[in-house]
Amino acid sequence: GQSQSTYRTYNFGYNLSGDLLYQHKFKKPRRTLAIDIASTVNDKKGNSSLTSINKFAETTDSTILDQQATFYNNSYTVSGSITYTEPVGKTGMIQLNYNPSNTWNTSDKETNNLDTAARTYSLLDTTLTNKFNNIYMTHRGGVSYRFSNSKINMMVGVNAQYAMLSGQEVYPVSFSTNKNFFNVLPSAMFTYRFSTTSTLRLFYRTSTSPPSITQLQNVIDNSNPLLLSTGNPELKQAYSHSVVIRYSLTNRQKAQSFFAFAGATYTQQYVGSNTIIARHDTMLESSVVLHAGSQLSQPVNLDGSLNVNSFFTYAFPIDKIKCNMNLNAGATYQRTPSLINSLQNLSNTYNINGGFVLGSNISEKIDFTISYSGSYNIVKNSLQTSSNNNYFNHTAGVNFNWMFYMGYVFNTSIQNTY
């Protein structure tokens with residue numbers, strides 16, 4: 001198919017947040033109480049216009065879309081935490097915590113088609129208009145044990161979390177969904193100080209994330225007529241396990257530092273996509289036609305999402321030329337599951353990267369930076385092999401500043417991207 005479209009949009013929004021914290025220390029050392037209350041407001045509204053001329057595979061006729069839309073999205077969150085600590089022995093401590101949170105989301109989108117007789121946008125498009133309300137409430141409470149001395153600082157803990165996801169579609173059809181989730185969320189942390197300049201840290205965390213209001217909306221977005229998208233009211237929350245290891249080493253006398261990082265995240269019930277590629281014109285449930293050659297994408301829960309990444313940097317001075325050198329390198333691996341015509345596709349992305357930054361330390365009047373970064377990428381798909389790809393890219397740059405006379409500055413920069 002072919003599509004020639006003009007799409008314009010105007011957005012306006014603001015974010016507001018506030019936090020109130022109360023802390024109290026009892027007479028007994030390390031016995032404390034902390035109460036925190038926070039709130040966040042995220043408000044966005046705008047309008048858009050779409051004019052599109054489309055030709056599809058099974059017909060020589062063109063279809064014309066000429067429509068305008070207004071939309072409003074609002075999110076309001078109130079959360080709190082109560083934390084109590086009690087000493088255990090000389091070096092241990094028990095911590096009790098309770099964290100409630102409530103988020104209200106509202107989405108309102110109205111789409112009107114052009115009335116050619118009246119020359120006004122007054123024909124309501126019910127398939128592309130919707131009003132949706134969403135509430136996500138969590139109650140999390142747990143206990144952890146902390147231990148520390150001159151060499152070791154460790155923590156093990158577990159939280160129980162109850163979450164309620166409630167959604168209601170007001171228009172174009174009346175529809176409501178209520179989901180309850182219960183999860184056990186363990187966590188652990190271990191820090192070992194080899195010396196005052198060398199430290200090793202290990203972290204393990206679990207977390208959940210609910211589907212967004214857009215992902216839950218069962219309404220079709222046709223801003224790109226060849227790539228339609230819709231939501232899924234049956235989505236579940238994602239559950240992630242994360243492991244991180246960090247090592248740092250500094251030598252202040254020689255002005256040297258070394259930092260290494262490695263981490264991995266595995267996600268259950270990952271919110272991926274199910275893409276339907278139409279072989280023939282197909283009527284969707286909302287009376288929208290999915291033309292042959294076009295695609296419809298819908299979010300679905302899938303297992304198998306994995307993200308592994310590593311990074312290291314080494315910084316040291318070069319006294320002979322009065323410069324500081326920073327070397328960096330890393331590698332990443334990402335496995336992303338998806339469905340294509342209801343068949344599973346695993347997209348595997350491998351990346352190796354490296355570079356350096358050479359900065360001057362000659363004088364207060366002369367400053368220059370020479371930098372380079374390059375990365376090699378390999379993309380392999382188990383099903384959609386036509387999307388496999390290998391590619392290399394790099395960016396090299398030079399920046400130079402010279403304050404040569406009475407505050408006058410000469411500045412130049414060069415950058416090459418390949």
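## Overall form

About 24800 Å² of the protein chain is accessible surface, and 56% of this belongs to carbon and sulfur atoms; accessible areas come from the Shrake-Rupley method with a 1.4 Å probe, with only the protein chains shown counting as cover for residues. The model is predicted, so local features need pLDDT of at least 70 and side-chain atom pairs count only at pLDDT 80 or more, while totals for chains, interfaces and linings use all residues. Residues are numbered from 1 along each chain as its sequence is written, and side-chain values use heavy atoms, with hydrogens and water left out.

The protein chain contains 1 helix and 22 strands, defined as DSSP runs numbered from the N terminus (helices H or I, at least four residues; strands E, at least two). Its radius of gyration is 28 Å, well over the 22 Å that the globule rule gives for 418 residues, so the chain is more spread out than a compact globule. This radius is taken over C-alpha atoms, and the rule is 2.2 Å times the number of residues to the power 0.38. The C-alpha atoms fill a box of roughly 80 × 60 × 50 Å along the principal axes.

Of the 418 residues, 33% are buried (buried means under 20% relative accessible area, exposed over 50%, partly exposed in between, with a 1.4 Å probe and protein chains only).

## Salt bridges

The count of salt bridges is 3, each requiring a side-chain nitrogen of Lys or Arg within 4 Å of a carboxyl oxygen of Asp or Glu. Glu86 pairs with Lys28 at 3.5 Å, N to O. Glu86 belongs to strand E3 (residues 62-88) and Lys28 to the loop between E1 and E2, so the pair ties together parts 58 residues apart in sequence. Glu86 also meets Arg31 in a salt bridge, at 2.8 Å. Glu86 is buried at 19% relative accessibility, whereas Lys28 is partly exposed at 39%.

Glu234 forms a salt bridge with Lys179, the closest N and O atoms being 3.5 Å apart. Glu234 is in the loop between strand E10 (227-229) and E11, and Lys179 in strand E8 (residues 175-195), so this pair ties together parts 55 residues apart in sequence. Shared partners join Lys28, Arg31 and Glu86 into one network.

## Backbone of the loops

Arg30, although not a glycine, has a positive phi of about 65°. Arg30 is placed in the loop between E1 and E2.
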